[in-house]
Amino acid sequence: EIGCTLAEIHGSLQLPRWSQWAPPAEYEPCFARMLGSDFQQRAGNLPQAALHADFGFSNVCLNSNGAGHKLVIVDPLANNFSCPTHLVHGPIYVDLGHFLACLQGLVPARTAIRVHPGRVSLMQERFLAGYRSARQFAFEDDAAFAYARAIAAAYLQYRIKFNFAAHIATR
């Protein structure tokens, strides 16, 4: 259901004004290393959509009431390591990759869920299958996982820099 919901966001969301996606300049080397030095040029040839810009566990909620459950997506704001700004249009793989990276364990400790490692690939397959069924066009799983690796590299660099700066500030 989460994959279907993201596909609906990508298929339906129209932004009144938007900027074209590019990773923040300081994390561009992570994306170039994982996706190839010409990734920004190739990104223009990939399926495009209005991006959530932070499609991860902490922004996907399940609202339960007496009538059942409803999936709610919140906080469509940039996360500063894969998207520098909100209201951005770019490759669908940015949002797909962000969620795949979360499934692989790239989440803050407060939002981590315990998943048996053997189930991670099944969850990733179902997420992509849900997206694929709702959008009904061919897309590359390899590209989604490549973006997941690039986002993970940028996130780790961001966390290391953040933790190091916090450590220095307390001395």
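How do the axes of α4 and α5 cross, and within what distance do they come? The legends below begin with this view.

**Figure 1. Crossing of helices α4 and α5 in the predicted model.** The axes of α4 and α5 come within 9 Å and cross at roughly 160°; axes are lines fitted to C-alpha atoms, for helices over the stretch in contact, with angles running from 0 to 180 degrees between N-to-C directions. That angle makes α4 roughly antiparallel to α5 (under 35 degrees counts as roughly parallel, over 145 as roughly antiparallel, 65 to 115 as roughly perpendicular and the rest as oblique). The crossing of the two helices is right-handed, a term used if the near helix is turned clockwise from the far one by less than a right angle, and left-handed if anticlockwise. This is a predicted model, in which local features need pLDDT of at least 70 and side-chain atom pairs count only at pLDDT 80 or more, while totals for chains, interfaces and linings use all residues. Residues are numbered from 1 along each chain as its sequence is written, and side-chain values use heavy atoms, with hydrogens and water left out.

**Figure 2. Helix α4 within the chain.** The protein chain comes to six helices and five strands, where helices (H or I, at least four residues) and strands (E, at least two) are DSSP runs numbered from the N terminus. From the N terminus on, the order of elements is α-β-α-α-β-β-β-β-α-α-α. Of the 171 residues of the chain, 41% count as buried (buried means under 20% relative accessible area, exposed over 50% and partly exposed in between, with a 1.4 Å probe and protein chains only). Helix α4 is mostly covered, with eleven of its eleven residues buried; among them are Y93, D95, H98 and C102. Just after α4, G105 takes a positive phi of about 110°.

**Figure 3. Aromatic contacts around F139.** The structure holds nine aromatic pairs, a pair being rings of Phe, Tyr and Trp (its six-membered ring) with centres within 6.5 Å; planes under 30 degrees apart count as stacked, over 60 as edge-to-face and the rest as tilted. The rings of Y93 and F139 have centres 6.3 Å apart and planes at 55°, so this pair is tilted. Because Y93 lies in α4 (residues 93-103) and F139 in the loop between α5 (117-135) and α6 (141-169), the pair ties together parts that are 46 residues apart in sequence. Both Y93 and F139 are buried. The rings of Y131 and F139, with centres 5.4 Å apart and planes at 85°, form an edge-to-face pair, and Y131 is likewise buried. One aromatic cluster is formed by W21, F31, F39, Y93, Y131, F139 and Y147. The charged end of R132 sits over the ring of F139, 4.6 Å from its centre (NZ of Lys or CZ of Arg within 6 Å of the ring centre and within 35 degrees of the ring normal).

Figure 4. After α2 comes G36, whose positive phi is near 105°. E28, in α2, is partly exposed at a relative accessible area of 31%. The C-alpha atoms of E28 and A154 are 8.2 Å apart, although these residues are 126 residues apart in sequence.
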